[in-house]
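This report covers helix packing, the chain interface, backbone geometry and confidence. The structure comes first, and the comments follow.

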Amino acid sequence: MAGSTKGWLALGLVLGVLVTMVGVSTWAGPVRPAEVRVGIVTFLSGAAAAPFGIPARNAAEVIISELNAGRVPAPYNTPGIGGVPIRPVIIDEAGGAEKQVAEFRRLVLDERVDLVIGYISSADCLAVAPVAEELRALLVMFDCGTNQIFEERSYRYVFRTHGHQILDNVGAARYILRIRPQVATIAGINQNYAWGQDSWNTFRESMRKLKPEVRVLAEQFPRLFAGEYSAELSALLAARPDVIHTSFWGGDLESFLIQGLPRRIYERSTLVLTTGDTVLPRLGQQIPPGVVIGARGPHGALAPNVPLNRWFREVYTNRFNVRPVYPSYHMSQALFGVKHAYEKALAANRGTWPTKEQVAAALRGATFDTPSGTIRMALGNGHQAVEGVAYGITSRFNTATKEMELTQVFHFPAECVNPPEGMKSEEWIARGFPGARCP
Amino acid sequence: MNQLLIIAVDGLVFASWLFLVSVGLSLIYGVLRILNIAHGSLFAVGAYAGASLVVAYSAAGLWPPGALGVLLVGALAAGLVAGPLIERGIVRWTYGREPVMQLLVTFSVFLILEDLTKLVWGVSPYYAYQPYQLLGQVRIGGIDYPAYSFLVLLVAALVGAGLWWFVRRTRFGRVVVAVIHDPEISVAMGVNLSRVYVTTFALGSVLAALGGAFTAPMISVVPGIGVEVIVLAFAVVVVGGLGSLEGAAVGALLIGLVRAAAVHLLPVLELFTIYLVMAAVLLVRPLGLFGRVEARRI
């Protein structure tokens, strides 16, 4: 009996040691999961769905399925993330910032996603970022434009893998002065909310710094989703500025262009559309020659001719019968940034699955390839990407692509259109772009 | 002087569009005493119906001016199908109930129609710009206006005149006026109240859809356009006096002119002009410009 008791005790001791060892090995790092669950938040309904949300979701779907199948060109030619398949959990961004904060909590706490890639609206980014920090959940913002996020405070778990609105509008000003150096007067028509006002202020102040004698003739701020711009067009036509800047997007941009055509606004002024790439495939010949088109970075019609971009355009177009536009490119930047960071952390961890802190450390200050070229996480202590920006001007209608072709395309590198680390955008512009290196 | 002329033309163009999109709301309130929130989505249904018919018509390569007739057909079809269905199917059960309940019911109809339009037409935009560019330009004060804007002005004037004639000069119109003043006595005199209600609701729906159909060529027809319109239409009929057709016309004109002046002279105020006009009018006349005080029945 005594011998048997000793035997049980010995067995218990061995078992105890084994359990402790397993426990210790678990604590050393998370076990390799069966899947990487990625929350994806983008507009699936409302006015921002068709121009931005759906092209972004489409990009996520096609890239994730190609990544899981291991069909993406190098350096992303290994399946999934470190061999683990990616499982998207896609939710609608509609409903306002408060709802998105609740949805973010639900994604992290109930759906148990490993990270969230999301947000087109700047208001949603501003609201969700502190919550991500509080929950210690990885958040990669993929499309929102406000420059406030990393200029106002610093984050540990929050990243943005594309440039903010400063580059769109500094780039637009530099481009205009390059193709129309004689420009003397400007005007703007922008939606009356943060995005429209910030975009116009950045463009106007950049123009004033780059060419102080430029005069502002009109500043129109119709309400968001107004759709009817007859009086605003009259005011712009009567003012006769050399250049009209607009950061309109979606249905508002399309309605403005449709209403501007019979009013010959294009004959009097050069229009600058900072989000123009999204309407090129939609409006075809409704956009006349001589309109300046931006894509919030080197995306869409202005993307570089690199293998990743050729692959992306092909798989996207084959699946959705339309080419990707800039929100699709922004989504690709987020997904490739995440894959790059995970695999970098995995390698540094010698094959052990990384913690989110290790993934965050790997993404901080990273440099990675995307269909839009190489992205550097250079601002906001390595959490905010910088990228270059490209602009072109419409020339003639291409019957094969059913789009207006772009000519006089100029690419401004990241160090030309982004403030240096540690300096706020407004200050950078006000001080005359110190440190900017432009070709 | 030139600027004043441009402000007047812009104001008139915007006012005619405002009248077209809001008069149906006022008509339905005038007769049924229901604030029809679904008016916004009936506008959207009209815009989608008009746009999709114009797209099909233009793709078929038919006689281009016929596209204008197609817009009219789209509006009539949308309004005449949706109007009676909504009134007979849902709204009539709310007659005599609390106004809050009626408001909630028409709001739910609005939400249902918003989703139905997405189900039928999808979320991708529709472009029906052919009629907009068909009629050429008119040069006023040195700048070009699309002649289409003046066609909308003409349609709005015809709708206004037609409604006035209908209410004041036809037998059915007089019955409608009698119902507005006293539904109970009208029934006692042999008026078929249901018929008056369903006809008025259908007419109001056709007017909402007409506003949508004639707006479609100017815009990118996308989900959500109905929300914007119901806010504007509500402001117009409140300024004019709920239920008054003359009020809708004068309210639209007032808001149109003030907004055009703001766009040209003080653009920062543009966003608030509609609400400024509304607040100013309601301060002086709480029931709107043409609103009448009603005796409460006990």
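## Packing of H2 and H10 in chain B

In this predicted model, helix H2 (residues 39-59) of chain B and helix H10 (residues 225-240) of chain B cross at roughly 130°, and their axes come within 7 Å. H2(B) and H10(B) are therefore oblique to each other, and the crossing of H2(B) and H10(B) is right-handed.

Which residues of the two helices meet? From H2(B) they are B:His39, B:Gly40, B:Ser41, B:Phe43, B:Ala44 and B:Ala47; from H10(B) they are B:Ile225, B:Gly226, B:Val227, B:Val229, B:Ile230 and B:Ala233. Sorted by class, the contact of H2(B) with H10(B) has eight nonpolar and four polar residues, with no charged residues.

## Packing of H1 and H6 in chain B

The crossing of H1(B) and H6(B) is left-handed.

On the H1(B) side the contact is made by B:Leu12, B:Val13, B:Ser16, B:Trp17, B:Phe19, B:Leu20 and B:Val23. H6(B) answers with B:Ser149, B:Val152, B:Leu153, B:Val155, B:Ala156, B:Val159, B:Gly160 and B:Leu163. The class count for H1(B) with H6(B) is 12 nonpolar, three polar and no charged residues.

## Overall form of chain B

Chain B contains 12 helices and four strands. The C-alpha trace of chain B spans about 60 × 45 × 35 Å along its principal axes. A compact globule of 298 residues would have a radius of gyration near 19 Å, and the value for chain B is 19 Å, so the two agree.

## Contact between chains A and B

How many residues of each chain take part in the contact between chain A and chain B? There are 33 residues of chain A in contact with 34 residues of chain B. On the side of chain A that touches chain B, the elements giving two or more residues are helix H2 (49-68), strand E7 (215-220), helix H8 (230-239) and helix H9 (250-260) of chain A. H8(A) gives the most to this side, with seven residues.

By class, the residues on the side of chain A that touches chain B divide into 14 nonpolar, 11 polar and eight charged.

## Backbone geometry in chain A

Two backbone details in loops of chain A can be noted. The peptide bond from A:Ala74 to A:Pro75 is cis, with omega near 10°, and A:Pro75 is placed in the loop between H2 and strand E2 (86-92) of chain A.

A:Arg296 is not a glycine, yet has a positive phi of about 55°. A:Arg296 lies in the loop between strand E10 (292-294) and helix H12 (307-320) of chain A.

## Confidence

The model scores ipTM 0.93 and pTM 0.90. Chain B has a mean pLDDT of 93, with 98% of its residues reaching 70 or more.

For chain A the average pLDDT is 92, and 93% of the residues score at least 70. Over residues 18-27 of chain A the pLDDT is below 50, and this stretch has one contact in the model beyond near neighbours in sequence. Where pLDDT is low, the predicted coordinates should not be read in detail.

Notes:
Residues numbered from 1 in each chain as written. Chains lettered and ligands numbered in written order. Predicted model: local features only at pLDDT ≥ 70, side-chain atom pairs only at ≥ 80, totals over all residues. pLDDT = per-residue confidence, 0-100. Left-handed = near helix turned anticlockwise from the far one by under 90°. Contact = placed C-beta atoms within 7 Å. Nonpolar A, V, L, I, M, F, W, Y, C, P; charged D, E, K, R; others polar. Axes fitted to C-alpha atoms, helices over the stretch in contact; angles between N-to-C directions. Parallel < 35°, antiparallel > 145°, perpendicular 65-115°, else oblique. Rg over C-alpha atoms; globule rule 2.2 N^0.38 Å.
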